[in-house]
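Trainee: I would like to go through the terms used for this chain and see what each rests on.
Mentor: Ask, and each value will be set against its definition.

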Amino acid sequence: MSSLALSSLKVPPVLLLSPPPPAKLIHLSSFSSFLLNTGIPRATSREFFSVVKVSSRPISTMATDKEIVGSVKEQLAKLFEESLRAAFPDIEDVHPMIAICNDSRHGDYQCNNAMSLWNKIKGQGTQFRGPQPVGKAIIDNLPASEMIERCSTAGPGFINVVLKKQWIAKSIERMLIDGIETWAPKLPVKRTVVDFSSPNIAKEMHVGHLRSTIIGDTLARMLEFSNVEVLRRNHVGDWGTQFGMLIEYLFDKIPNWEAASAQAIGDLQAFYKASKQRFDNDPDFKERAQKAVVSLQGGEEKYRKAWTQICEVSREEFQRVYQRLGVHLEEKGESFYNPYIPKALDLLNNKGLIQESEGARVIFIEGKKIPLIVVKRDGGFNYASTDLTALWYRLNEEKADWMIYVTDVGQREHFEMVFAAAKLAGWLPQNENDFPKASHVGFGLVLGDDGKRFRTRSTEVVKLVDLLDEAKSRCKLALEERGKATEWTAEELEQTAEAVGYGAVKYADLKNNRLTNYTFNFDQMLSDKGNTAVYLLYAHARICSIIRKSGRDIEELKKVGGIVLAHPDERALGLHLLQFAEIVEEACINLLPNLLCEYLYKLSEDFTKFYTNCQVVGSAEETSRLLLCEATAVVMRKCFYLLGITPVYKI
């Protein structure tokens, strides 16, 4: 396609998809020639810190029978909760404030309760003389644990925590044996609806749907990994006045439409444009189209059949995109909720929320200049009536704890008003932190290099299927230029191009904070340097090659070997691996997939430092370091899965 012309691009030679047999070895040149030598010795200075050793006794904190033990933050919070109760039994509602240390020289984690506690007790005849003694009291009352090496107080009572490297190592060993699912976070929710993608029938999917589909799928994957039941909902626009003109145009264009195949409609976008032009310029056609809407909504069989055929053509087009993205959705479009609308509006009306205004029926929302229209002047329903009904259905029929709506930021006010109306009706609690709750996940625009909305040179909106195929084509061309077409089978070449191309498009979107706009640039997203999917996929494949190069049976090593984090870079990598659960938890709670991308990129950097400064194959520590390599690969693969990216295993 002319608007997205192919260009030569260097993409690392990669081969996927499943791990190869252990016996097949691939020899590599020095890994350090690819990875950046950025290892910096970690400072160990302890000036201005009071250090307190924490006693230890043989109480295991390890999970058994694949028990999910929660994140490191959660486990530390339990210990500090006991300490806070013991040290300050008269203070109620004190919850541990645990965070990762910003400066690793001070510790691994912090407990930040001392200052707030001091503010509560000072001036009340307390024995304490400031936040530092409060912090020391918290440390003194910590229960014995295998987790903590030592604690120290700093500044206004910050409690810095250093974890035992033996505990970090054992936690990683356990994960390798029991599976990374034991590191899944624990969330206070059981069932969630994620409403995403949601294209309109008879309109092609374009880049405007890219962010909703990719962000929604990643949120669903992270919640599913966290053992939340996720209802993946595709709220397609399959109902409304536009179907009158589409149906009448179908009758005119294809008189024998019932006998013709669905493909007879042809290009959906062209079909829609032609019907809209006819609607705008032909009064007789417009009148027929308006009557067709009444017939459709009245359930006349002929009109229902025509509507079904148009919808089916659209679904086939949508599925082409979803197949490329590896996204699964269950369609419950506007038409599904239509029969429930009168009941939902009756419930709202019985609460005295619906009022007449200029011929329409509306709900007035405090702080909003215009009301929420739920019934139009002509008596028809609209987005607000459908969305309120869908919200009621998800709460009462599907018993969801959390409803997440992934749309562009332009719809933020609409959803604010819908949620506010639901709170007025008592469907949702007033406190935004209480469940059940509803959240709007807004996102910015996809821009072109000119800083404007991303379009083709002919100013048409870019079709999403064309964009994805372009990414794959660029990768495939680069691989062919490297001679891979003669080395690999045609299937291997296709799979590699798909994994790298589609993964690059997804990661380039997800690594950005969803609230911001981002510029779509093929050259940047397909680069093998910097924070890109190509770089990360390449790094994962290199790790797998290191393990294969050793000739060792990694599954056997998991059973008989152990991890020793003697070198500072080994410990830093091990600690970062262990923080995976809380990063997923934070990304879920804040609905920010970019946090997982940041974690993954930092993981690759930590591995670079480790591998640069710690010889693996042929070293005295080979077994331990191979297990650390395997743990890194396992966590990277799970990150890829949560981001909807297919990993590569061979160079």
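Mentor: Helices (H or I, at least four residues) and strands (E, at least two) are DSSP runs, numbered from the N terminus. On that basis H4 is followed by Gly179, whose phi is positive, near 105°. This is a predicted model, in which local features need pLDDT of at least 70, side-chain atom pairs count only at pLDDT 80 or more, and totals for chains, interfaces and linings use all residues. Residues are numbered from 1 along each chain as its sequence is written, and side-chain values use heavy atoms, with hydrogens and water left out.

Trainee: How many helices and strands does the chain have?
Mentor: There are 23 helices and 15 strands.

Trainee: What span does helix H4 reach, and what is expected?
Mentor: The expected span is 1.5 Å times one less than the number of residues. H4 (residues 165–178) has 14 residues and reaches 20 Å from its first C-alpha to its last, close to the 20 Å expected.

Trainee: Why is Val634 called buried?
Mentor: Buried means under 20% relative accessible area, exposed over 50%, and partly exposed in between (1.4 Å probe, protein chains only). Val634 has 16% relative accessibility, so Val634 counts as buried. Of the 651 residues of the chain, 54% fall in that class.

Trainee: Which residues touch Val634, leaving aside its neighbours within four places in sequence?
Mentor: Contact means heavy atoms within 4.5 Å. By that test Val634, which lies in helix H23 (residues 622–642), is in contact with Met175, Leu176 and Ile180. Met175 and Leu176 are among the buried residues of H4. Those buried residues pack against several elements, including helix H1 (72–87), strand S5 (158–163) and H23.

Trainee: What makes strands S6 and S12 a pair?
Mentor: Two strands pair if DSSP finds at least two bridges between them. Four bridges join S6 (residues 191–195) to S12, and the two run parallel. Val194 has Ile404 as its bridge partner in S12. S12 also pairs with strand S13 (residues 437–441), in the parallel sense over five bridges; there Ile404 is partnered by Ser439.

Trainee: What is the hand of the crossover from S12 to S13?
Mentor: The chain goes from S12 through helix H13 (residues 412–424) to S13, and this β-α-β crossover is right-handed. The term applies if, with the strands pointing away from the viewer, the path from the first strand over the helix to the second runs clockwise.

Trainee: How do you know that both faces of S12 are covered?
Mentor: In a regular strand the side chains alternate between the two faces of the sheet. Trp402, Ile404 and Val406 on one side are buried, as are Met403 and Tyr405 on the other. Five of the five residues of S12 (residues 402–406) are buried.

Trainee: What makes S9 and S11 edge strands?
Mentor: The open sheet has the order S9-S10-S11, with antiparallel pairing. S9 (354–357) and S11 (372–375) each pair on one side only.

Trainee: How many bridges hold the pairing of S9 with S10?
Mentor: S9 and S10 (residues 360–363) pair over four bridges in the antiparallel sense, and Gln355 stands opposite Val362 in S10.
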